[in-house]
Amino acid sequence: MTFENLTLDWDAAVVLLTINRPQVLNALNSQTIDELRRAVLELKHDAFVRAVIITGAGEKSFVAGADINELAVQSPAQGKEHALRGQHVFDLIENMGKPVIAAINGYALGGGCELAMACTIRLAAESARLGQPEINLGIVPGYGATQRLPRLVGKGVAFDLLLTGRQITAQEALQIGLVNRVVPAADLMTEAKRLATELSAKAPIAVQYITEAVNRGLEQPFDKGQFLEATLFGLVASTKDMREGTAAFLEKRKPDFKGE
Ligand code: COA
């Protein structure tokens with residue numbers, strides 16, 4: 001796979017995906033969104049990949065949003081297609097079935113905050129700034145923020161961020177549940193790789209089913225979500241990894257999960 005605006009670095013079962021347009025603070029233009037789609041599909045279907053880290057190139061920014069040069073000239077029909085394409089790619093990330101860790105190394109604004117929200121777990125550098133500034137451009141978020149933000153932080157806090165467009169610190173993001181952990185900037189990538197390596201040793205099928213139970217279950221009534229959970233709980237009993245995990249516990253040793 002070759003990309004102009006992304007880099008992929010493999011380290012055993014962990015892949016580091018870097019959005020690489022530092023001259024525009026890694027803003028997402030159409031080409032980058034398309035490259036992300038191709039990369040995510042490839043990583044999803046690669047059985048050797050067990051965890052992914054997404055970050056932004058350079059010291060300053062994770063992703064500073066959709067590329068405003070493109071937004072400025074879009075027609076209504078193009079705008080709708082643009083949003084649908086981005087939403088589709090972020091849905092693919094959310095439902096990859098493998099842990100995707102956002103390593104938020106700086107500005108995560110607009111589409112950058114939306115990209116982070118589509119990831120499974122968010123780590124932020126102390127210096128990171130997050131927000132949905134679309135309102136200040138006279139537009140509506142288009143890559144899922146009106147839906148994912150209230151689900152993550154609650155409706156009241158979401159309205160505050162969506163309507164003021166203000167930037168918040170990593171610490172405030174932690175307080176409202178928008179990020180999971182805040183670490184010193186110098187430790188961000190080490191911590192992201194440590195977590196990705198830890199998660200890559202878990203049973204891949206159980207990881208996938210937990211992701212499905214949470215993502216699909218949350219969009220259904222409670223009883224249907226629980227029924228989905230029970231069904232996946234039963235299904236996972238067919239895996240060798242389930243035998244391995246329970247046997248390893250009883251034999252007081254570390255499990256060796258194969259994804260079978
Ligand atoms: N789209 C296109 N270009 C962008 C961009 C975006 N979302 N965000 C930053 N850039 C470009 C700037 O235009 C600038 O280009 P230039 O060097 O050719 O002038 C370059 O990236 C550096 O950004 P700059 O604004 O000079 O850096 P800063 O440190 O002063 O400010 C931000 C950083 C993130 C606060 C500011 O760039 C910003 O507000 N960006 C837009 C955020 C936004 O509204 N995102 C939502 C879009 S829907």
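1. Start with the ligand: helix α2 gives the most to the shell around it, with three residues. Both α2 and β6 (107–109) supply at least two residues each. Keep in mind that this is a predicted model.

2. Which residues come nearest to the ligand? Of the 17 around it, they are Val24, Lys60, Ala64, Ala66 and Ile68.

3. The side chain of Lys60 has an N or O atom 2.7 Å from an oxygen atom of the ligand. Ala64 uses its backbone instead, with a polar atom 2.9 Å from a ligand nitrogen. Ile68 also has a backbone N or O atom 2.9 Å from a nitrogen atom of the ligand. On its own the ligand has 860 Å² of accessible area, and the protein covers 58% of that.

4. Now look at helix α3, residues 76–94. Its 19 residues reach 27 Å from the first C-alpha to the last, close to the 27 Å expected. Its buried residues are Gly79, His82, Ala83, Gly86, Val89, Phe90, Leu92 and Ile93. They pack against several elements, among them α1 (30–45), β3 (51–56) and α5 (145–153). The helix α2 (68–71) is another of these partners.

5. Among the residues it touches are Leu28, Ile33, Leu36, Leu115 and Tyr143. Phe90 is also listed with Leu17, Ile54, Ile104 and Leu130 as having the most contacts inside the largest nonpolar core, which has 49 residues. A second, separate core of 15 residues includes Val14, Ala103, Ile121 and Val183.

Conventions: Residues numbered from 1 in each chain as written. Predicted model: local features only at pLDDT ≥ 70, side-chain atom pairs only at ≥ 80, totals over all residues. Heavy atoms only, no water. Helix = DSSP H or I, 4+ residues; strand = E, 2+ residues; numbered from the N terminus. Expected span 1.5 Å × (residues − 1). Buried < 20%, exposed > 50% of the residue type's maximum accessible area, 1.4 Å probe, protein only. Contact = heavy atoms within 4.5 Å. Core = buried A, V, L, I, M, F, W, Y, C linked by side-chain atoms within 4.5 Å. Near = heavy atom within 4 Å. Polar contact = N/O pair within 3.5 Å; in protein donor to acceptor, adjacent residues only side chain to side chain. Areas by Shrake-Rupley, 256 points an atom, 1.4 Å probe, with all protein chains shown as cover. Lists of a residue's contacts leave out its neighbours within four places in sequence.
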